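This report goes through one structure part by part.

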Amino acid sequence: MSTAGLQAEIQVTRPEGFELDVDITVRPGATLALLGPNGAGKTSVVAAIAGLLPLDAGRIELGGSVLDDPAAGIFVAPEDRRVGVVFQDYLLFPHLSVMENVAFGLRRWVGRGEALMGAGEWMERLGLDGLADRRPATLSGGQAQRVALARALAGRPDVLLLDEPLAALDVVERARQRRTLAAHLDMFSGPRVLITHDPVEAFLLADDIQIIEHGSTTQRGDADEIRLRPRSQYAADLAGVNLVTGTASGGEVAVGSHTIHVADHQVEGEVLLTIQPAAVSVHRARPSGSQRNSWVTRVDRLEQLGERARLRTSEPLPLTVEITRAATQDLGIREGSEIWVALKATEIDVVPDEGRAGRR
Amino acid sequence: MTLILLLSGSCADASKTEEIVISAAASLTDVFAEIEASFEMANPEVDVTLNLAGSSALREQILEGAPVDVFASADRSNMDEVEEAGRLVGEARLFASNLLQIAVPSGNPAMIEGLADFARDDLLIGLCAVEVPCGALARMALARAGITPIVDTNEPDVRALLTRIELGELDAGITYVTDVASRHGAVDGVAIPDDDNVPAEYMIGVVEQGGNTDAADRFVGFVLSEQGRSILARYGFTPP
Amino acid sequence: MTTGSSSRRRRPHRRPPLLLVVLAGLGLAVFAIPLFGLLVRTPWVEVPGLITTDVVLEALGLSIAVSLTASAIALLVGLPLAWLLARVEFPLRWLVRGIVTLPLVLPPVVGGAALLFALGRRGVLGEPLYEATGILLPFSVWGVVAATTFVSLPFLVITVEGALRNLDERYELAAASLGARRWAVMRRVTFPMIAPSIVAGSVLTWARAFGEFGATITFAGNLAGETQTLPLAVFVALESDRDAAVAISLLMVVVSLIVLVALRDRWWRSL
C-alpha cells in the first residue's frame, strides 16, 4: 500500500450534456465525503476513479502511479487498478457464498486456498463470523453492507470508494451501522472517498467534506467550516443556517431593496451573508440597543420544537429565527403576528461570493 | 387454346356438382395431371382432386378410412391389401406398366454404364426405400443381375430420389422410365437390360369410402379408354 | 363472530375462474389427445420385439449421438454468438438476429434444401470443399449433425441472449473493480449467473435436435446405421409396418419424457 494518496482532476462530459469538473485530493488514512444533491455528479467521480468512466480531460493519480491521463494517452483498465468499491446496492454476487464473495478480489493475488483464508480474516474483523456459507440474498441490510465492505477491503486496494454505503438501510439500522462503519474505515490505511447525501453521515465519518453541485465543487472544508460558513444554498440547507446574497459596499450590503449593516467594511461586490437562526432576536416593538440592524416584519410560519421555537419571517428579508418557546408565549407571538427583528452586525459572516462573481 | 378451355372449365365452379379424390402413386404425378385435365374437360360437372404419395402411404390412408374414391397403385401388393380389406368396389384393373431405368444427372458425369456400377463404393448411389414399390422392384432387378449394391441413401419416394439425382448430389439411382422422361434434359437415363428388368404393374380400382362411386367409375373408365392409354403412352408407360 | 345471514363466509382458497380452466383444459387436450391415440394403438405385446431390432437400435443410437453432438456444438458456438448479440453493438446487428431466428420459422425441409444447395456435393460451398478435401456431408452422419444443429441452434442462442440482456451488467463492473479480467469475469460471474438459462436453452436445443426430421431427410438422406435417426425410421416404417412405426414412436416419447422429467422444474423455470 502506498503513502502518496489520491489526486484527481476529473473532467468528463456525459452524453446527456452534463459536464463534470471536479478536483479531489485525499491523504492516506483520511476520509473525504462527497456531498451534494442527486445528479450532481458524485457517482461519476467514483466511477472515474474506478476506471468505469474514462476521463475526457484531467488526470488521476493514485499512490504515485497515473491511472488516467487522456493527454498523455494513459488509461489503466479497471481490472488493473487497485481500487476497492462498495457499490450503492452492494452488488454481491448472488451465485457465490459470502465467503466466496469476500475472497473474490483476493484471487488476483493468491490462489484459492489462501484467498479463502484471507477472506476469513476480514470477515472476522468486520464481525461477519458465521455467515461464511450464507448466500447474499439471505443477509440483512447491515450484514450485506459489511460483506460488501469486506469484499472491497480484502482485495488489497490502494483507495477505498464507498457509494452511499448506508442508503439502503432503514433509519435505525443506518444510525447503528454508522458507528461501526467509522471503526471499519479506520482499519484501512489508504485514502477513502465516501459519497453520501446524508450530512450527518458526512459530518460523522469524514475528515473533509466536498460539496458537489451541478458537476462542480461549490465548497470544501471540514465539518465545522461547512456548518458555520456554508457557501451555497445547498450547504446552508444542510446546516440549517440563513444564507443571503447581496452587494456590499463600505459596510453596507444591499439585499434587494433592504440594507444590512455588516462589521466588515473592506469587502466589496457580490457577497454571501451567513446568519445563524439563533443570532436574530425578536421584539414586539422597535428595539433599543446597539444592534445596527432592525426592521419590522410578520411571522409567516411558527414551529414549536420542544423547548425551542423556529419561526420564519416575511418581507423585506425572510429569515429563519430560533428563540425559546417561553419567549413566544411571553411575547404572545403566533403566525401572522407583527414583530420587530434585530441583528448585530458582528453576528453576520460575510464572504465574497466567488460562485456568482465567476458566473457573470 | 387448351389452356383457355381448361381455365374456363375450372372457373365454372357453379357447375361442379361432384367431387372425387384420386389417390395415385407418386410416379403418376405428371401423367395423372394431364388425365385429370382431360377428364374434367369431358366431364365438367366433376371436380377431380389428386392425392399423390408413395403407394404404401396411400394404402395406409385408405385402410385408416380416408375418403378416397379411386386408388391407383404402382404395384399389385398394395392394391391387394386394400382389396382384402374389402374397400374396393368391384375388381382392380391393371392399367399400365412401367419399366425401371437407371437415372443419372444430365450428361452422366460419373459415366454410369449399367447395374454393375451400383456395386462401386466410390460412387454415390441412391435407391427408393425398400418399403415402396420402386425400391422393392429395384432390388429385385439388381438381384436378377447378381449385383449387391452399395447404397448411400434410401429415399422415401421416387420423386425425392429423382430430385437428388437432378441436383447432382447422387451419381445414379434406379427409378422408372417415366420419371426419367419427365425430367427430360435435367436427368438422363441408362437402360436396364430386359432380362434384369422388373416391370411395375399399375393397378387402379374404385374405393367405396369416397362416397362417389359413380363418378369414380367414369374416371377409371377414362383411364382404361383409348384416350387414357394414349396419354399414358406419351409419358412413357407401356400398355398392360 | 358471524354477523348474520347477510354476510358471506370468506373462503380461504379461491378457485380459478371457470373459463380459464376450460380453456386450459383445451390446451392440455392438444397434447394429450395425440398421445392418447398413440397409446391406444400401441401393440403392447409386440413392442419389446419391435424395438429391439437392429434397425431400431441403430436408429436410437444414432439419434442420441447426433442430438448430443448437435447440443454440444450449439453450446460451443451459440454461447459466444449470444454474448455478441447481447453485449456488443455492431452494425447490422438486427439483421444477424433475424438470420439466427430464421431456422425457427423456416419449414425444416426448406432448411434441408438450403443446406443441400450450400453444402451438397454440387453445393456452393460443398463442391469446392469436396474437390479439395473429399469431405462430403450428405449421406454421412456429419450431414445429420449439420442439419440437426442448423434447426436447433437458434433455441440456445435466443434463450441465452435473453438471459444476458436481463442480467444486470453492473455485476460485471463490480467484478472488474475487484481485478477480474474479461475472461475471468465471464467465467466466474456472467455465465454462472445465467447458468439456469443455459441449461434450459440446452435442453430445448437437445429436444429439438432429437426430434428433427425434415432437414435431415432432405439433406443427409436416409440410410440405416448412418443417417437414419429415429424420426426417419418411424417415417419409413409407416409405409409398410404400422405396428413398428407406433412402437418406435412410443420409444421416442419415452426417451424424451425420461430426459424432461429428470430435469423436472429446474429447467422449465429458467426459460
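## Chain A as a whole

Among contacts in chain A between residues at least 6 apart in sequence, 63% join residues at least 24 apart. Two residues are in contact if their C-beta atoms, placed from the backbone, lie within 7 Å. The model is predicted: local features need pLDDT of at least 70 and side-chain atom pairs count only at pLDDT 80 or more, while totals for chains, interfaces and linings use all residues. Residues are numbered from 1 along each chain as its sequence is written, and chains are lettered from A and ligands numbered from 1 in the order in which they are written.

Chain A has 360 residues, of which 39% are buried (20 or more other C-beta atoms lie within 10 Å of the residue's own, with C-beta atoms placed from the backbone). The C-alpha trace of chain A spans about 80 × 50 × 35 Å along its principal axes. Chain A holds 10 helices and 21 strands; these are DSSP runs numbered from the N terminus, with at least four residues of H or I for a helix and at least two of E for a strand.

## A sheet in chain A

Five strands of chain A form an open sheet in the order 14-13-12-15-21, with antiparallel pairing. Two strands pair if DSSP finds at least two bridges between them. Strand 14 (258-261) and strand 21 (349-352) of chain A stand at the edges with a single partner strand each, so one side of each has no neighbour in the sheet.

Within this sheet, strand 12 (residues 242-249) and strand 13 (residues 252-255) of chain A run antiparallel and are joined by three bridges. T247(A) has A254(A), in strand 13 of chain A, as its bridge partner.

## Contacts between chains

Two pairs of chains are in contact, and chains B and C share the most contacts. Chain A and chain B do not touch, their nearest C-alpha atoms being 50 Å apart.

Between chains A and C, 14 residues of chain A are in contact with 13 residues of chain C. On the chain A side, nine residues are nonpolar, three polar and two charged. Here Ala, Val, Leu, Ile, Met, Phe, Trp, Tyr, Cys and Pro count as nonpolar, Asp, Glu, Lys and Arg as charged, and the others, Gly among them, as polar.

## Two domains in chain B

Chain B is assigned domain 1 (15-97 + 201-234) and domain 2 (100-190), with bounds from an automatic or database domain assignment. The contact takes 10 residues from domain 1 of chain B and 12 residues from domain 2 of chain B.

Definitions and conventions: Buried ≥ 20, exposed ≤ 12 C-beta atoms within 10 Å, placed from the backbone.
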